[in-house]
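Subject: A structure for you to explore

Hello,

Here is the structure I promised to pass on to you. Have a look at it first, and then read on for what turned up.

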Amino acid sequence: MNSETITATASGTWKLGDLTVNRVGFGTMRLTQDGAALDPDAVPSDRRRAMAVLRRAVELGVNHLDTASFYFSRLRSANELVNSALAPYPDDLVITTKVGPGRDPHGAWTDAATPAQLRGQVEENLRQLGRDHLDVVNYRRQRAGSIAEHFGALAELRDAGLIRHLGLSNVGAEHLAEAQAIAPVVCVQNRYGLGLATPEADALLHSCGEQGIAFVPFYAIAGTAGEKGTTAAQAAQDSEVRAIAEAHGISAAELRLAWSLHQGPHVLAIPGTGNPAHLEANIAAGALKLPADDLTRLDAVHVAAAAGA
Ligand SMILES: NC(=O)c1ccc[n+]([C@@H]2O[C@H](COP(=O)([O-])OP(=O)(O)OC[C@H]3O[C@@H](n4cnc5c(N)ncnc54)[C@H](OP(=O)(O)O)[C@@H]3O)[C@@H](O)[C@H]2O)c1
């Protein structure tokens, strides 16, 4: 590694329970296909390139991966790629998975798991990743109403030793409070980014910080383009965002990632990419220190977008 290369350690660290991670991690959802994620008709990715991205991420200090058994395309499974590329796993690697959503073998979405079905989803992740326990499992909420039964089922699996720490995804403050009454929550993974939030979402981010819980945004780069990726998002980038990015000699994607990390020391990044150059850029973005006046301008963009949302 070149001595000039910026690694994920430059982003600082946070603890998920007793597990220390660098704040810039990696999301595996983009590894299994080219183009839009989770599209059953997407073209499967190049396997060697996907494995090389994973190995390079770890080489560059990434020690927090976000994955799921339902991240797959016709020929590639994110968990299988993680296992093949990285096992035997480095001691400090923390793998976070999520359960709740259901996908049939062809990739069509099925009903969300019942509380009793969550054990099967946890075991599926264990088999695919080749592990005896999962470091962090997020319950990914799929429907309105109480999450107590689902989260309670995962708390039992935690007590049984299959899971070390629990988290939540796609939740509001009321779900977090409900879960915390059942078992400790170490992270909240929600859709969040510059110009991609409501006042409630901002409040939850800050509340997580006050409670010592990691806030892990997804679509921090893709923004409103979501699973479609950045092509559309880049074209629609706010002129203020573009101007600030250009002044720093970085892309809007890197700026958006850096802005998310400036929202608090408890905010982690899990940018997804199948592109080795983007991987390096995203890790370097974790080291950026944005000046106060830029943050003020970006916050204004964020607030204006939230008000219009
Ligand atoms: N809990 C949930 O419900 C949920 C939902 C969605 C995602 N997730 C997790 O969150 C992670 C992040 O979400 P995401 O991957 O959808 O979105 P993201 O990280 O916000 O953005 C990924 C998109 O941006 C592009 N990109 C990445 N780095 C870039 C760069 N430096 N310059 C330009 N383009 C760049 C990627 O394309 P290239 O491949 O071309 O770089 C891809 O299209 C996922 O991988 C997944 O692990 C969780």
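A quick definition before we start: two strands count as paired if DSSP finds at least two bridges between them. Please also keep in mind that this is a predicted model.

Let's begin with the sheet. It is open and built from 7 strands, which pair in parallel in the order β3-β6-β7-β10-β11-β12-β13. Which strands sit at the edges? They are β3 (26-27) and β13 (214-215), each of which pairs on one side only. In general, the strands of a sheet are held together by backbone hydrogen bonds, in either a parallel or an antiparallel way.

Now follow β12, residues 185-189, to its two neighbours. With β13 it forms a parallel pair over 2 bridges, and here Cys-187 is found opposite Ala-214 of β13. Strand β11 also runs parallel to β12, joined to it by 4 bridges. Cys-187 turns up again in this pair, as the bridge partner of Gly-167. Is β12 buried or exposed? Since 5 of its 5 residues are buried, β12 is largely enclosed by the rest of the structure.

Finally, take a look at the second largest pocket, which holds about 280 Å³ of space. Its lining is made of 16 residues, and those nearest its centre are Asn-190, Arg-191, Ala-197, Thr-198 and Ala-201. Two or more lining residues come from each of α6 (199-210) and α11 (292-308), and α6 gives the largest share, 3 residues. Sorted by class, the lining has 9 nonpolar, 5 polar and 2 charged residues.

Enjoy exploring!

Best wishes

Notes:
Residues are numbered from 1 along each chain as its sequence is written. This is a predicted model: local features need pLDDT of at least 70, side-chain atom pairs count only at pLDDT 80 or more; totals for chains, interfaces and linings use all residues. Side-chain values use heavy atoms; hydrogens and water are left out. On a 1 Å grid over the protein atoms alone, a cavity is a set of points where a 1.4 Å probe fits but cannot get out, and a pocket is an open set with protein on both sides within 12 Å along at least five of seven lines; lining residues have an atom within 4 Å of a point. Grid points are joined across faces, edges and corners, and a volume is the space filled by probe spheres set on the points. Ala, Val, Leu, Ile, Met, Phe, Trp, Tyr, Cys and Pro count as nonpolar, Asp, Glu, Lys and Arg as charged, and the others, Gly among them, as polar. Buried means under 20% relative accessible area, exposed over 50%, partly exposed in between (1.4 Å probe, protein chains only).
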